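Hello,

Here is the structure I promised to pass on to you. Have a look at it first, and then read my notes below.

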Amino acid sequence: MTTSTEVSWQLDDITMYGTVTVPDGTGPFPAVAVVAGSGPTDRDWNSPMLPGTNGSGKLLAEALAEAGFASIRYDKRASGPHVMENLPRLIGTFSMASHLAELEAAVAALAAEASVDITRLAGLGNSEGTLHVLHYANSGQRMPLAAVVLAAPPGRPVGEVLRTQLTAQLALVGAAEHQPLLDAAMERYSAGEPMAPDVALPEQLRQLLLSFEAPANLPLARELWNEGAAAGLAEVAQPTLVLLGEKDLQVDARADGGPLEAAAAERPNVAITYLPNANHILKEELRPMAEVAQAPGTNYNEDGTRLDPQAVDAIVAFLREKLR
């Protein structure tokens, strides 16, 4: 049995909300701050852009509690049920620093729980969330992390990862001949110029590209464009577990794994584990990769999806060793 409680706190005059999940017993328990991925992904790792509400964040919190770990997961100020009331106050303020402030506030809320041993704290991030965990780990926090778990970190700069994703999308919709137009837009943005995507590109792809220069998304979008996890991984002092799913369509286990392997080459505190049947959000994916690529976004949050057992075992074993 586990217990989950909603908690809230203030950050810059905005109320943030999260869920603390704890094991049965009195504690104090070692704890994990769980950080979701990009965009509107909420505390449970559900997204309005994907069907279903069976998010990996909630499943991970429950699995951690069953293994003896408390956790907090939280809605970013621009995700979850309160996003529409928050957005007008957030326009133009999104940045790596603002995301770090959210994580700092969530850790403070977790520390207020009597059942938590904040001296045995790990940070667990997914995708973009791994970058925020690395920023926290490397910034001399008053409540430091004792261990770090990075699930699907982008080893390459986010702009390069996005190029790979969009190239695959062009092929999927039969528009591969527009690759030079995509490359030109992304090269302009990398050079600090407007994206200005050509009208010949598929409209959905054009709108995605334009979102990177929308005032509401700045300066975060430009900061993210050139940042990957390899630089932060090369600096992290804490024991760190990197998880890369070989069925991940967003972060490529090989293309992103290479820079991460290089960053960890002489760092005995970093372990990198490749998961043969895990997708981007650590769900078990048993279909062949070619089939997965034809239906991106499936097997994410739909009812009946489950966490990859190898991923859960790796996380639990790592945390049991490092948070003793």
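A charge counts as sitting over a ring if NZ of Lys or CZ of Arg is within 6 Å of the ring centre and within 35 degrees of the ring normal. In this structure, the charged end of Arg-222 sits over the ring of Tyr-189, 3.9 Å from its centre. Likewise, Arg-254 lies over the face of Tyr-274, at 4.8 Å from the ring centre.

Before you go further, please keep in mind that the model is predicted: local features need pLDDT of at least 70 and side-chain atom pairs count only at pLDDT 80 or more, while totals for chains, interfaces and linings use all residues. Residues are numbered from 1 along each chain as its sequence is written, and side-chain values use heavy atoms, with hydrogens and water left out.

Now for the rings. Rings of Phe, Tyr and Trp (its six-membered ring) pair if their centres lie within 6.5 Å; planes under 30 degrees apart are stacked, over 60 edge-to-face, and the rest tilted. By this rule there are three aromatic pairs. One of them is edge-to-face and joins Tyr-189 to Phe-212, with 6.2 Å centre to centre and 80° between the planes. This pair links distant parts of the chain, 23 residues apart: Tyr-189 is in helix α6 (residues 179-190), and Phe-212 is in the loop between α7 (203-211) and α8 (220-225). Helices (H or I, at least four residues) and strands (E, at least two) are DSSP runs, numbered from the N terminus.

Tyr-189 is buried because its relative accessible area is 1%, and Phe-212 counts as buried because its relative accessibility is 14%.

Phe-212 also forms an edge-to-face pair with Trp-225, at 5.2 Å centre to centre and 80° between the planes. Trp-225 belongs to helix α8, 13 residues from Phe-212, and is buried as well. Together, Tyr-189, Phe-212 and Trp-225 form one aromatic cluster.

Last, the sheet. Two strands pair if DSSP finds at least two bridges between them. Eight strands form an open sheet with mixed pairing, in the order β1-β2-β4-β3-β5-β6-β7-β8. Its edge strands, β1 (2-11) and β8 (270-275), each pair on one side only. Strands β7 and β8 run parallel and are joined by six bridges. Leu-244 stands opposite Tyr-274 in β8, and that tyrosine, Tyr-274, has Arg-254 over its face.

Happy exploring!

Note on methods
Buried means under 20% relative accessible area, exposed over 50%, partly exposed in between (1.4 Å probe, protein chains only).
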